[in-house]
Amino acid sequence: MLKSHILIVDDSPQDRDAIVSALRKDHRVRYQFTEVTTGGDGLKLLDQRVTDFDLVFLDYRLPDMDATGFVRRLLGDATIPPVPIVLITGSLRSFDSKILEHGVQDFFGKSHITAEILPRIAQNAIERHKLLKSLVESEERAAAAMLAAEQANRAKSQFLASLSHELRTPLAAIIGFAELLEKDPNAPDAQKMLGMIASSGEHLLSLLNDLLDIAKVEAGTLEIETMANDICHVVESTCELMKFRATDKGLRFHWHLPKNCPALARFDPVRLRQVLINLIGNAIKYTDHGEVECLIQYDYLKEMLKIRVSDTGPGVHPDVIDRIFTPFSQGPATSEQKRIGIGLGLAISRQLAVMMGGSLKLEKTSSEGSSFMLEVHAPEASPDDLPSTNAANHPRPAASVSWDQKSVLVAEDVEANRFLLEKIFAKFGIEPIFAHDGKQACDIIDTRRRKQGSHFDLVLLDMQMPVMDGYEAASYLKSIEYPSPIIALTAAAVGSDVERCTEAGCDQVLVKPLRFDELKRTLQQYWG
């Protein structure tokens with residue numbers, strides 16, 4: 001049996017009794033009644049217990065207000081009343097039908113209060129209100145979705161404008177200086193121009209890494225690689241690196257390491273350094289005078305590393321505080337504080353902090369500066385937990401051999417990259433043999449083994465090539481038990497990408513763009 005709780009707002013006891021009597025004769029529904037005599041009492045009840053009532057019978061004229069005033073006060077800013085309302089009136093001639101535009105479900109004259117009519121009116125009103133409520137909610141969701149889409153489009157436009165600026169600025173420097181050097185290679189300030197080309201390239205690489213990271217965040221594929229490492233060394237080396245940025249800007253930069261920090265702890269050193277560089281970099285970027293401070297603490301009880309980065313800058317703009325960790329949010333640009341970057345760093349940093357078992361939050365901000373708190377779960381580790389290097393699979397020779405005696409095969413399909421690698425290896429006295437794809441590399445290796453009975457001392461494979469890619473080539477070399485180190489060269493070398501390379505047969509993974517010092521360290525691992 002259906003149940004309905006009815007609120008009757010009517011100052012006439014005869015009318016209230018007639019409504020109760022008519023509805024009680026409907027045996028399909030079990031009715032519960034609450035009766036009040038004034039509009040004020042009815043509104044008070046609905047304000048306190050609106051969800052208790054399924055329907056309101058409202059007298060058109062009450063001692064303290066009419067039905068129009070009652071409905072308006074009940075509505076407030078809403079589109080329809082929170083409960084269905086049926087009006088009862090003594091005279092249909094004096095009834096203003098405009099009140100129906102405010103969500104009132106029905107009306108009838110007091111002379112029509114009968115057991116045949118009233119139950120049907122009550123149930124129809126309840127059902128119509130449900131449909132109307134569902135329609136209004138759908139319209140509100142559609143309006144909210146449209147607003148969100150408009151905001152997303154505006155954010156997208158702002159992001160694309162910022163991204164265009166961030167790409168074009170360093171590209172303008174790279175292309176411009178390259179053209180100048182091409183016309184005058186011996187210019188007196190050639191070294192300065194080369195340095196600016198290099199720094200502009202670093203900026204582009206940082207931007208690309210941020211874009212890739214935020215894409216992985218949204219796809220849920222961003223990965224953390226936890227390993228035993230020295231917390232103090234990672235933090236101090238990062239601070240030492242950032243000190244030069246602060247000094248160049250005329251800022252004081254202090255950092256304080258904990259005396260009780262464990263010698264080794266388990267965390268992701270690469271991602272921790274990434275977050276620290278972002279936090280300290282932002283502090284330096286937005287601070288014109290004063291200092292930046294990095295305070296490091298270690299909580300043995302919770303096994304948490306805590307890092308507070310503070311500055312004496314202008315503080316975070318009030319309009320952006322609530323969305324400072326939202327991608328592409330930068331806050332308003334002013335003459336005093338222009339936008340810099342595309343607003344990805346803090347969004348990525350917070351996600352990384354959470355993935356490392358911690359958090360990142362804005363502790364405080366004012367016109368005198370800001371303070372961010374980073375927490376990372378870093379349980380203490382032992383020396384036995386230290387990762388072993390891939391080079392251990394290829395012991396160094398007992399006697400040192402000059403590198404100009406070494407033979408190297410490089411598989412790379414892009415001419416510019418082949419020329420670059422040729423120049424880099426030339427610094428080590430090595431003239432590599434080049435293949436344009438994986439199949440050609442395998443053919444060269446097989447020919448050398450068959451005709452000369454020898455093998456290359458090292459094979460460097462680009463992983464994305466036509467005809468046969470680096471993965472297939474590495475798998476083939478693994479299948480023939482090729483004895484020399486196989487190094488992967490890839491533009492994507494984190495987590496599953498590294499695992500895919502090693503599963504294919506590569507001993508180590510180098511990331512594009514390949515750095516001179518990084519290649520040198522790799523060669524030293526194998527050749528001493």
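**View 1. Ser 370 sits in strand 12, which runs over residues 369–377.** Helices (H or I, at least four residues) and strands (E, at least two) are DSSP runs, numbered from the N terminus. This is a predicted model, in which local features need pLDDT of at least 70, side-chain atom pairs count only at pLDDT 80 or more, and totals for chains, interfaces and linings use all residues. Residues are numbered from 1 along each chain as its sequence is written, and side-chain values use heavy atoms, with hydrogens and water left out. Ser 370 counts as buried because its relative accessibility is 5%; buried means under 20% relative accessible area, exposed over 50%, and partly exposed in between (1.4 Å probe, protein chains only). Its side chain joins that of Thr 365 through a polar contact of 2.8 Å. Such a contact is a pair of N or O atoms within 3.5 Å; within protein, one must be able to donate a hydrogen and the other to accept it, and residues adjacent in sequence count only if both atoms are side-chain atoms. Leaving out residues up to four places away in sequence, Ser 370 also touches others, including Val 309, Ser 310, Asp 311 and Leu 362, where contact means heavy atoms within 4.5 Å.

**View 2. Leu 346 has its place in helix 8, residues 345–355.** With a relative accessible area of 12%, Leu 346 is buried. Beyond its neighbours within four places in sequence, Leu 346 is in contact with Asn 278, Leu 279, Asn 282, Ile 324, Phe 325, Leu 360 and Phe 372. For a sense of scale, Ser 91 lies 255 residues from Leu 346 in sequence and 67 Å from it in space, C-alpha to C-alpha.

**View 3. Helix 6 covers residues 231–248 and has a kink of about 25° centred on Met 242.** The bend at a residue is the angle between axes fitted to the seven residues ending there and the seven starting there. From first C-alpha to last, the 18 residues of helix 6 reach 27 Å, close to the 26 Å expected at 1.5 Å a residue; the expected span is 1.5 Å times one less than the number of residues. After the helix comes Gly 250, with a positive phi near 80°. Buried residues of helix 6 include Ile 231, Val 235, Cys 239 and Met 242. The partners of its buried residues are strand 6 (227–229), strand 7 (252–256), strand 8 (265–267), helix 7 (269–285), strand 9 (291–299) and strand 10 (304–311).

**View 4. Glu 303 and Val 467 each have a positive phi without being glycine.** Most residues other than glycine have a negative phi, and most peptide bonds are trans. Glu 303, in the loop between strand 9 and strand 10, has phi near 55° and is partly exposed at 31% relative accessibility. Val 467, with phi of about 65°, belongs to the loop between strand 15 (458–462) and helix 11 (470–479). Its relative accessible area is 64%, so Val 467 counts as exposed.

**View 5. Lys 512 and Pro 513 are joined by a cis peptide bond.** Here omega is about -5°. Pro 513 lies in the loop that links strand 17 (508–511) to helix 13 (516–527).
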